[in-house]
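Open the model in your viewer and keep the selection tool at hand. Each stop below tells you what to pick and what to look for.

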Amino acid sequence: MPIDKRVNSAAEALNDVSDGATVLISGFGGAGFPNVLIRALREHGAKDLTLVVNSATHRFSLTHELLDAGLVRKVICSAARGHQKEPTAFEKLWVAGKIELTCLPQGTMTECIRAGGAGIAAFYTPVGFGTELTKGKEVRRFGERDYVLEQAISGDLALIRADTADRYGNLTFRYAQANFGPVMATAAKLAIAEVRAVEDDPIDHKRVQLPGIYIDRILAVGDVR
Amino acid sequence: MTPLNRRQMAWRAAQDIRDGMVVNLGMGMPVHVADYVPDGVDLFIHSENGVVGAGPLAAAERADPDLVDASSRRITLRPGAAIVDSSWSFAMIRGGHIDVTILGAFEVAKNGDLANWDMRLPNKGPLVGGAMDLAACARAVWVIMEHNTRSGGPRLLDACNLPLTAVKCVRRIYTDVAVIEVTPAGFVVREVIDGLDQAQLQKRSGAPLTFANDCRPLIAPELADAE
């Protein structure tokens, strides 16, 4: 049967997501948020989720809908603070002690995810040594420098945003849209990409930015963000 | 004696950028450094979200929601730019491929320890972003900050009070009244504004200062302050 990863709706894309899933969600700096899929995940209603996301809430992302709906048990992120005086959806839950938080340096977080998708159990990084974010983690000296042991992160589901796809799942990204998407897709059992458009012909190999083997389902959403 | 305003502090830091450098600019005051790079100095501005070769902000009619920097500002690209994903972007940072990162700060200790990510605000979540990666791994860390807190307390200290971003990383500090190097012997003042003598600057600092033999006046052109 010819490979074809296209699905017709966000609900179809997410139909088998379970309670307790660890969900990796792309997006940073205003680009690459899979907002159609995030909203569909809220409508799906799977509970006790762990989100792995750069910002717990971001003004261009809809993760706050998952938080407000009470679907999230834990957030792993590098940014848990809102820029407004008003507390964010995350901060309200966090201050009330109703949600767990793991805060990681951004580059450590993306490398943990990369490791998760690349068969590496853990790695030593100099980032965070001597700070409270690495308290309790194993430290080892290599040469003249101290390094902290960080463990890989992988998940059940990755939701990412790209520009174009073909039916094989190959992806292209616009400008800074890629950010966490490529590594997140590699580190999840089920990776779903929402894209602006699905091309009829296979994307030329020189243009492919993420090979289709990492992507399980493709949803075309047009220009909506 | 007139302290430098924030744009003047950014201007002063920009004068130390050398041709061909790869520079990462933190949120807040440091982003203004890009506006004051001396004529004839070509550089790459790296942004944590993967943009290598960020240019000025985009005009409204050309702004693209996918062409943004780490602060969500809609930007342009400089000639020679490339864009990579987050994993590669941080591999550049950790791998020592960023010549200098210019960061804001709350406190710097005399051994170069930096505190710039958590002010311990009540009811606000932590936000570290890429600060620890940059502070620990850029080849040089420069800080732009007011010399004193709003209540007049020192930001140059024997040891930081706020949570650390990275240990022993800061190389140079640009304040509104002085330019200071962090050396194995502690803080060394390179430039200080006219009208502020050594005793007065020491009194405004929370750690011992030494003054370079060739310590010069800190001068900047007139520039309207940033909002």
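Start with chain A on its own. This is a predicted model. In chain A, residues 24 or more positions apart account for 74% of the contacts with a separation of 6 or more. Along the principal axes, its C-alpha atoms fill a box of roughly 50 × 45 × 30 Å. Of the 225 residues in chain A, 54% are buried.

**Stop 1: a valine in a loop**

Select A:V17. You are in the loop between α1 (10-13) and β1 (22-25) of chain A. Is A:V17 buried or exposed? A:V17 has 20 C-beta neighbours inside 10 Å, so it counts as buried. Now show what A:V17 touches, leaving out residues up to four places away in sequence: A:L41, A:H44, A:A46 and A:L157. Draw a C-alpha to C-alpha distance from A:V17 to A:L41. It reads 8.5 Å, for two residues 24 apart in sequence.

**Stop 2: the contact between the chains**

Bring chain B into view. The contact takes 41 residues from chain A and 35 residues from chain B. Highlight α4 (89-95), β4 (100-103), α5 (106-118) and α6 (181-186) of chain A; each supplies at least two residues of the side that touches chain B. Which element gives the largest share? That is α5(A), with five residues. Colour this side of chain A by class, and you get 22 nonpolar, twelve polar and seven charged residues.

**Stop 3: two helices across the contact**

Two packed helices are described by the angle between their axes and the distance between the axes. Here α5(A) and α2(B) pack at an angle of about 120°, with their axes 9 Å apart. The two helices are therefore oblique to each other. α5(A) passes α2(B) in a left-handed crossing.

Show the side chains next. From α5(A), pick A:Q106, A:G107, A:T110, A:E111 and A:R114. They meet B:S86, B:S87, B:F90, B:I93 and B:R94 in α2(B).

**Stop 4: a covered helix in chain B**

Select helix α1 (residues 6-14) of chain B. This helix is mostly covered, with eight of its nine residues buried. The buried residues are B:R7, B:Q8, B:M9, B:A10, B:W11, B:R12, B:A13 and B:A14. What lies over them? The cover includes β5 (100-104), β8 (141-144), β10 (170-174) and β11 (178-183) of chain B.

**Stop 5: two positive phi angles**

Go to B:S72, in the loop between β3 (51-57) and β4 (75-83) of chain B. B:S72 is not a glycine, yet its phi is positive, about 65°. With 17 C-beta neighbours inside 10 Å, B:S72 counts as partly exposed.

Finish at B:R120. Look in the loop between β7 (114-115) and α3 (131-137) of chain B. B:R120 also has a positive phi, about 55°, although it is not a glycine. What is its setting, buried or exposed? B:R120 is exposed, with 10 other C-beta atoms within 10 Å.

Notes:
Residues numbered from 1 in each chain as written. Chains lettered and ligands numbered in written order. Predicted model: local features only at pLDDT ≥ 70, side-chain atom pairs only at ≥ 80, totals over all residues. Contact = placed C-beta atoms within 7 Å. Helix = DSSP H or I, 4+ residues; strand = E, 2+ residues; numbered from the N terminus. Nonpolar A, V, L, I, M, F, W, Y, C, P; charged D, E, K, R; others polar. Axes fitted to C-alpha atoms, helices over the stretch in contact; angles between N-to-C directions. Parallel < 35°, antiparallel > 145°, perpendicular 65-115°, else oblique. Left-handed = near helix turned anticlockwise from the far one by under 90°. Buried ≥ 20, exposed ≤ 12 C-beta atoms within 10 Å, placed from the backbone.
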